[in-house]
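Welcome to this guided tour. Open your viewer, get ready to select residues by number, and follow along stop by stop.

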Amino acid sequence: MLGMSANSVSYNDQGSVESGVDAAQENSNIPGSISSGGAAFSLFSADCKKNEDLKEMLESNKESLKLDAMKRIVGLIAKGKNASELFPAVVKNVASKNIELKKLVYVYLVRYAEEQQDLALLSISTFQRALKDPNQLIRAGALRVLSSIRVPIIVPIMMLAIKEAATDLSPYVRKTAAHAIQKLYSLDPDQKEHLIEVIEKLLKDKSTLVAGSVVMAFEEVCPERIDLIHKNYRKLCNMLVDVEEWGQVVIINMLTRYARTQFVSPWKEDAVFDENSEKTFYDSEEERRVDESKPYIMDPDHRLLLRNTKPLLQSRNTAVVMAVSQLYWHLAPKHEISIVTKSLVRLLRSHREVQYVVLQNIATMSIQRKGMFEPFMKSFYVRSTDATHIKTLKLEILTNLANEANISTILREFQTYVKSQDKAFAAATIQAIGRCATNISEVTDTCLNGLVLLLSNRDETVVAESVVVIKKLLQTQPSQHSDIIKHMAKLFDNITVPMARASILWLMGEYCEHVPKIAPDVLRKMAKTFTSEEDIVKLQIVNLAAKLYLTNSKQTKLLTQYILNLGKYDQNYDIRDRTRFIRQLIVPNEKSGALSKYARRILMAPKPAPVLQSAFKDRDRFQLGTLSHTLNSHATGYLELSDWPAVAPDQSVRNVEVIEPEAGAPVLGKSKHTKSNQKFYSDSEEEEEEEEEGSCSEDSGSSSEESESESKSEENSDDSNKSSSSQSEKSSSESDSDKKKTQKKQKPAIKDRKQKNGNAVKDESRSGSESDSESSSSESSSESGSESELDSNSDSGTDQKKNTKPKPVQSKPVTKVEKKEVSLLDLDDFAPAPVTTPKSSILSPSLLSDLQGLSISPSASALQASSPVFVPETSHELLHRMTGKGLSAQYRFTRQPCIYGNSMVSLQLTLSNNSEQALENIHISEKSSTGQNIHRFSAIERLEPQASVSVSMGVDFNDSTQAAHFQLCTKEDEFSVSIQPAVGELLLPITMSEADFTKEQGKLVGMNESSATITMAPENVSSQSVNRSVVSAANLGVIPSSQENIHRFAGKTVSSGSLVLVSVALKDPDALITVNTEKTVIASMLLRQFKTALANITP
């Protein structure tokens, strides 16, 4: 009850000060002379009448006049105006008996005490007397003013005042003492040892009002003294939810550092989590390693920290959410980190300053864990109202999230961004396209073609950036792109940006052997304009001349000598030095040294291809959410996050003696222990925690329906341990503040809080989800508030609920959640696609219509599939009879529309029993699918020996060639199998006219078009052979063509219905294969398959 009253008093205090400021602002506008514009700004000017007015009011005998004067003065301070000249008149009222007046005087003195130290020192005795005042607000104000007088001579007085205030009965005064510790330490660091004693005492304080301030003092004075935290660790974790918001930020950051020194890493590659097999991140490795590895069991205190910070993800304060997110990033097991994703994405609705910091942290996270943010990819799409620095960060994140499944969607976004009027953003987009091209080999050619098209853009910035990125991409495979180099040479005269011109010249020199006719001509042009070029271009002209001299001296010898002579007398000394060096290196003469022999090896040496990396690649060396991380440099006061210890330190140092709380109120303590069989973190409870192997599961749902909704929505209905779901309806959960009051043994407080508990459930910061429900078998446990948070789930040591409920029980809370209010984390805007289903590459028609020039055909979704032209009879092995213990399975693609779903690929499964015994109950396991939606065949009750049966099934591959993994089961065994689709089987044939084909093909150009040329033997080429090769490689329909040498085929992807158009143009002896589709990954894979099929045509 004491902590609660202190909270209310502190708020009243703040309210009175604020109301004083408001009143002062209102009153200051009343006099006509002040309300006029010129007079208001000259209030504290040299005109003495204005000052005299306030001075007379302060020296008056009427308290009301003094109070009005102080309100006006504080109002002026709030407006940022200088009121220091009134210090002598104000300080005279420091001994006033009027509490309201004294509080305003203290507000003024805190502001100006450091500037007017001499006058403030005259009132030291008054402040010392005020430290004994019966009013806690006066005591706190006096200490605040005393610590603001930064004069070394009063350090002993300040130290004495802080020590007395640290033992004050009022938590508000103790909080002020914690603030004063930091001020005294900055004034006199030699007092550190004495201040540590005070901090150690204040750390034991049980008031939530003091906790944040004393931890801040700890961080400022002695952050290395981790030993001071040991005994207070559990208390800080449990009271965290009730601490004020900025205190929460400080405590969370301190506990993050503490945990990294006291617990072993939960990230070990061979770790086997012994919490809940369904939640294990390394699920596939678990079966292989369970015999080899010792199961990783998380320290109960480690789990306590994670559990008690999790509700704060719903905080309205963005700093708190960011602090919890970085704590989970640095401390949580990898499979639990993803719970912070929704909260971080929610913060993107805030101001742009908040967006900037949050996006920086997401950019760092997305490099290491793409899967966390991939379902929310649309949240990172750039908006026209975003500032440039926000756009650039979103672009960085989209580039980090790019993979084979979603690259087509991202490239369509990028293609729109290139047209942006923001030139810096357009240039950054082109760099992002280059990074995608290097990271995902399937789209390298597509990106190169798109960048080459940008070379004809009217904007110089776009052209220049495209040239620079093309230069980097060409270094990876230069021999295949001589056409692009020639194209860039043709555009050279129109490009004026120096960096772009220099890049083209570098490409000419580096790959001059691929363009032997063009490079000398470019050098001839550059010799004419050498003197007018920028320095960076001149350097590359000299390099080009030197390389051509070594490879084609007949044509370029005179040109090279001319350019070297021009460079010899250039104004820039770098160019003069480079010219002299090159001349001595490549032109042999008597003075030439041994280097001239190696000129060719030096200049023409193969250069490694540049690696396009994220700018956030190395930022993870700083702790997330810190100023150092934002600036990407070591900021003053930054504390390094230590590595995990190899062996966990002794956890008994955090055990707390239970004698201390019993000494205060022995009678109430006895009654409490008769109700509860468990002590507050006693040794016996910790032994139970160590023995119980399920000690790392997430918190169980609270009894209140609102808190159940919040906790389930946070966990996405699969993070919670359902072991106490049935009894949580009977037992009520009390908030952390209730728990603290029962610890203080105040019976009236318990009754009072129990009456208020019904309303408090709905409060976001005090909901049941923040204080977990008691998993006790007796209903009397609801009266014991101290147990409600300690024994909430199986990881904190209770032994009543070891047996986990079966699946049907787990589904019950899920249905309940859907009827309840949704928490902040479950806003409709952020409803993600399933993480395992890569459907993020499919855009809605409304969004597609917004992408200019990039939309697919509006009729594409309405296209009807026709019957397949060719159905392969080949089967693929699904399960070998040796592996399947007599059961063998084969599958083949029927190329027919699937009857189980429009987005599914139809398959025929042939199951054979090769054993001597009948097999029973052959089916596909319900929990087997890893991502794809699978329609399972009906269970086969019995399969006789040497018998076979064919069944049909459907799989939604999501337009991806990723294998579908599932479990094929019999009555006795389970076998892990997978179906790997060929890219041609992901299509359905469609029919259309030649005119429609040409029209749709015209819409799918640029990055949506992939082409290749192959050489075919003329005697082997016929219309029938080409058609047969294409339709056997892919499930496409043949389009009637009026031209004999052009063959057209059309289809659509099964899952998304995206149009796929293929044309084969025969030009003796070559054939040009063109694939047009917005699915760029599918296009490049189909192109490879067609090249192989057509090259192997036999007569």
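Start by selecting Leu 879, which stands opposite Ala 889 in strand E2. Strands (E, at least two residues) and helices (H or I, at least four residues) are DSSP runs numbered from the N terminus. Before moving on, note that this is a predicted model, where local features need pLDDT of at least 70 and side-chain atom pairs count only at pLDDT 80 or more, while totals for chains, interfaces and linings use all residues. Residues are numbered from 1 along each chain as its sequence is written, and side-chain values use heavy atoms, with hydrogens and water left out.

**Stop 1: around E2**

Select residues 876-879, strand E1, which is joined to E2 by three bridges in the antiparallel sense; two strands pair if DSSP finds at least two bridges between them. Arg 892 has Gln 908 in E3 as its bridge partner. Buried means under 20% relative accessible area, with a 1.4 Å probe and protein chains only.

**Stop 2: an open sheet**

Next, show the four strands that form an open antiparallel sheet in the order E6-E4-E8-E9. At its edges are E6 (940-943) and E9 (974-979), each pairing on one side only. Zoom in on E8 (residues 964-969), which six bridges join to E9. There, Ala 964 stands opposite Ile 979.

**Stop 3: helix H26**

Jump to residues 444-454. Helix H26 has eight buried residues out of eleven, so it too is largely enclosed by the rest of the structure. Among the buried ones are Cys 447, Leu 448 and Leu 451. What covers them? The cover of the buried residues includes helix H24 (407-417), helix H25 (423-439) and helix H47 (1080-1095).

**Stop 4: Phe 414**

Select Phe 414 and look beyond its neighbours within four places in sequence: its contacts (heavy atoms within 4.5 Å) include Leu 395, Ile 433 and Cys 436.

**Stop 5: Glu 1078**

Finish in the loop between strand E15 (1070-1076) and H47, where you will find Glu 1078. Glu 1078 is buried, with a relative accessible area of 6%.

Technical notes
Buried < 20%, exposed > 50% of the residue type's maximum accessible area, 1.4 Å probe, protein only.
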